Each structure stands twice: as C-alpha cells, then as structure tokens.
Amino acid sequence: MTTIPSPMALALAEAEAAAARGEVPVGAVLVDRDGGLLAAAGNRVETDRDPTAHAEMLVLRAGAARLGATHLAECDLYVTLEPCAMCAAAIALARLRRLYFGAYDAKTGAVEHGPRLFDQPTTHHRPEIYGGIGERRAASLLRAFFRDRRHSAQTGPERIGVVNPSTLLSRPKGFVRCHGIKRS
C-alpha cells in the first residue's frame, strides 16, 4: 500500500471538511521548501458565495499574506483535484515550485486536461507537476459527494439548493443567455 504524503493527507482532510459543509470536496495545502505548513483550506464557494473561493485560491492568498510576497517560488501546493483554469493561472502567477494533485479532472481540469495551461507558450511559469497523489481517496470523496447530491435531488426539493422544476416560470420572450444569443 502506498503512503500518502502528510500534506496531501491534510488536503484530503480539508476536502472531507468541505464536503461536510456542502461544498465540493476539494482541499489544498501550501507548504514551504522545508515542508512547513503555510496554509490549508477546503472549498468555500457556497459558504462565502464567492465563485473564486476554490481551495487553491484560498491557500495561495493566505500563503502570500503570511509571507508578505506575491511570488511563492519556494512553496509547494498539494491539492486533491487537478486545478481548473483559474487556479492553474494563479499557480503560474504565484510562481510555485511544485504542484501535487490527487484526482485527475477530465471535465474542468486545466493541467493535464482541457487547456493544459502550463504547456501554453504564453504561460510565464511552469511548476514541477506530480499528479495522481492520493488519487483513489480523492476521487472516492468526489464520487460519493456527487452521488449523494444526485440522490438528494431525486428525493425532493426540500434539500437546500435543489430547485423543483414545476415551480420555475418559463423564460420571458427575448430572454438573453449569458453568451449573448437571444432566444425566442
């Protein structure tokens, strides 16, 4: 059996805590060059009502504040899920030394999937990248979370955040979608 490095174990604990709060179970930990803990967080998107409150963003902000620096070149990030485009861009801007992530994300990941941000010629910094660290446990947390959400959605609208479709009004004529295409 493979041992999960302690920063990733802490990130997984943060992911579990996020799930208990009703957040997508993603956790992140930022450590210094010697492995000293700088910051740890789980997703807080719903809690803070902030679409940028991903675990990675929270620990990067906290680490930068703690060190009083915008570049975290001597720091390593452990995160339970392959970072999205927003988080990958923030990782590049922070100039992190290493990125360790757990589960791969074929849908919204931007490191090994999608835009592969660090492979773009316009990306100014590419950290060392190690994927699949604690992957089974991270993927299991995510699967269980979304399975439970689907189950809750099927059992009734009393669950917070689940909308009963019969209570929705039809779209008004001329409704404009976010991408600007008018629908009639």
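Student: In this predicted model, does Cys84 count as buried or exposed?
Tutor: The relative accessibility of Cys84 is 17%. Buried means under 20% relative accessible area. Cys84 therefore counts as buried.

Student: What does Cys87 count as, buried or exposed?
Tutor: For Cys87 the relative accessibility is 0%. The cut-off for a buried residue is under 20%, so Cys87 also counts as buried.

Student: How many disulfides are there?
Tutor: A disulfide needs two cysteine sulfur atoms within 2.5 Å. The cysteine sulfur closest to that of Cys84 belongs to Cys87, 3.8 Å away, which is too far for a bond. For Cys87, in turn, the closest cysteine sulfur is that of Cys84. The count of disulfides is zero.

Student: Which side chain of opposite charge is nearest to Glu56?
Tutor: Glu56 lies in helix H3 and is buried. Leaving aside neighbours within four places in sequence, its contacts include Cys84 and Cys87. A salt bridge requires a nitrogen and an oxygen within 4 Å, and Glu56 has none. The nearest side chain of opposite charge, 10 Å away, is that of Arg61.

Student: Which element gives the most to the largest nonpolar core?
Tutor: This core has 45 residues, and Leu30 and Leu77 are among those that touch the most other members. Elements giving two or more residues to the core include helix H1, strand E1, helix H3 and helix H4. With six residues, the element that gives the most is H4.

Student: Which residue touches Leu72, Cys75 and Leu96?
Tutor: Residues up to four places away in sequence are not counted here. Val59, Gly63 and Leu77 are also among the residues touched. The residue is Leu30.

Notes. Residues numbered from 1 in each chain as written. Predicted model: local features only at pLDDT ≥ 70, side-chain atom pairs only at ≥ 80, totals over all residues. Heavy atoms only, no water. Core = buried A, V, L, I, M, F, W, Y, C linked by side-chain atoms within 4.5 Å. Buried < 20%, exposed > 50% of the residue type's maximum accessible area, 1.4 Å probe, protein only. Helix = DSSP H or I, 4+ residues; strand = E, 2+ residues; numbered from the N terminus. Contact = heavy atoms within 4.5 Å. Lys, Arg positive; Asp, Glu negative; His and termini not counted.
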